[in-house]
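Trainee: I would like to learn how to read helix packing and a few local features from a model. Can we go through one case step by step?

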Amino acid sequence: MRAALRIAITILGLLVAWQALTWAAALPPFILPPPTQVLARLASDAALIAHHAGITVVEIVLGLLLGGGAGAAAALGISATPGLRRWLFPVLVIAPSIPF
């Protein structure tokens, strides 16, 4: 209970500080919108945001499944075929150091 209260107070404090910063600095809303404007936009466009969030979740799950499948196939191929190991293992060792 105390942890939940501490978290709620921290979040509320951050929101108040964010609102105060937007008022005090007189920043244009396209630079830093106030939290009240963000929350109002989230509420008014909830269906659109939920739709796009669903698409994002599907893409994340598909990427995880495809990556896991490719990794499992590579691991099985490397462990089962010595020729494939000689060809694929150096590529897999070097690949993480290549920036994408």
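Trainee: How are α1 and α2 oriented to each other: roughly perpendicular or roughly parallel?

Mentor: Keep in mind that this is a predicted model. Two packed helices are described by the angle between their axes and the distance between the axes. Here helix α1, residues 2-25, packs against helix α2, residues 35-44, at about 110 degrees, and their axes are 8 Å apart. Angles of 65 to 115 degrees count as roughly perpendicular, so α1 and α2 are roughly perpendicular to each other.

Trainee: Which residues make the contact between α1 and α2?

Mentor: From α1 come L15, W18 and Q19, and from α2 come P35, T36 and V38. By class, the residues of this contact divide into 4 nonpolar, 2 polar and no charged.

Trainee: What else is W18 in contact with, beyond its neighbours within four places in sequence?

Mentor: The list is L32, P33, P34, P35 and V38. W18 lies in helix α1, and its C-alpha atom is separated by 12 Å from that of Q37, 19 residues apart along the chain. With a relative accessibility of 28%, W18 counts as partly exposed.

Trainee: What is there to note about the phi of A26?

Mentor: Most residues other than glycine have a negative phi. The phi of A26 is near 50 degrees, a positive value in a residue other than glycine. A26 is in the loop between α1 and α2, and its relative accessibility of 60% means that A26 counts as exposed.

Trainee: At what angle do α3 and α4 pack?

Mentor: Helix α3 (residues 46-80) and helix α4 (residues 82-94) pack at about 135 degrees, with a distance of 7 Å between their axes. That makes α3 oblique to α4. In α3 the residues that meet α4 are A74, G77, I78, S79 and A80; on the α4 side they are P82, L84, R85, L88, F89 and L92. This contact divides into 8 nonpolar residues, 2 polar and 1 charged.

Trainee: Where in α4 is there a kink?

Mentor: The kink is at L88, shortly before the proline P90, and amounts to about 35 degrees. L88 is also one of the α4 residues that meet α3.

Trainee: How far apart are the end C-alpha atoms of α4, and what span should its 13 residues have?

Mentor: At 1.5 Å a residue, the 13 residues of α4 should span 18 Å. The end C-alpha atoms of α4 are 19 Å apart, which agrees.

Definitions and conventions
Residues numbered from 1 in each chain as written. Predicted model: local features only at pLDDT ≥ 70, side-chain atom pairs only at ≥ 80, totals over all residues. Heavy atoms only, no water. Axes fitted to C-alpha atoms, helices over the stretch in contact; angles between N-to-C directions. Helix = DSSP H or I, 4+ residues; strand = E, 2+ residues; numbered from the N terminus. Parallel < 35°, antiparallel > 145°, perpendicular 65-115°, else oblique. Contact = heavy atoms within 4.5 Å. Nonpolar A, V, L, I, M, F, W, Y, C, P; charged D, E, K, R; others polar. Expected span 1.5 Å × (residues − 1). Bend = angle between axes of the 7 residues up to and from the residue. Buried < 20%, exposed > 50% of the residue type's maximum accessible area, 1.4 Å probe, protein only.
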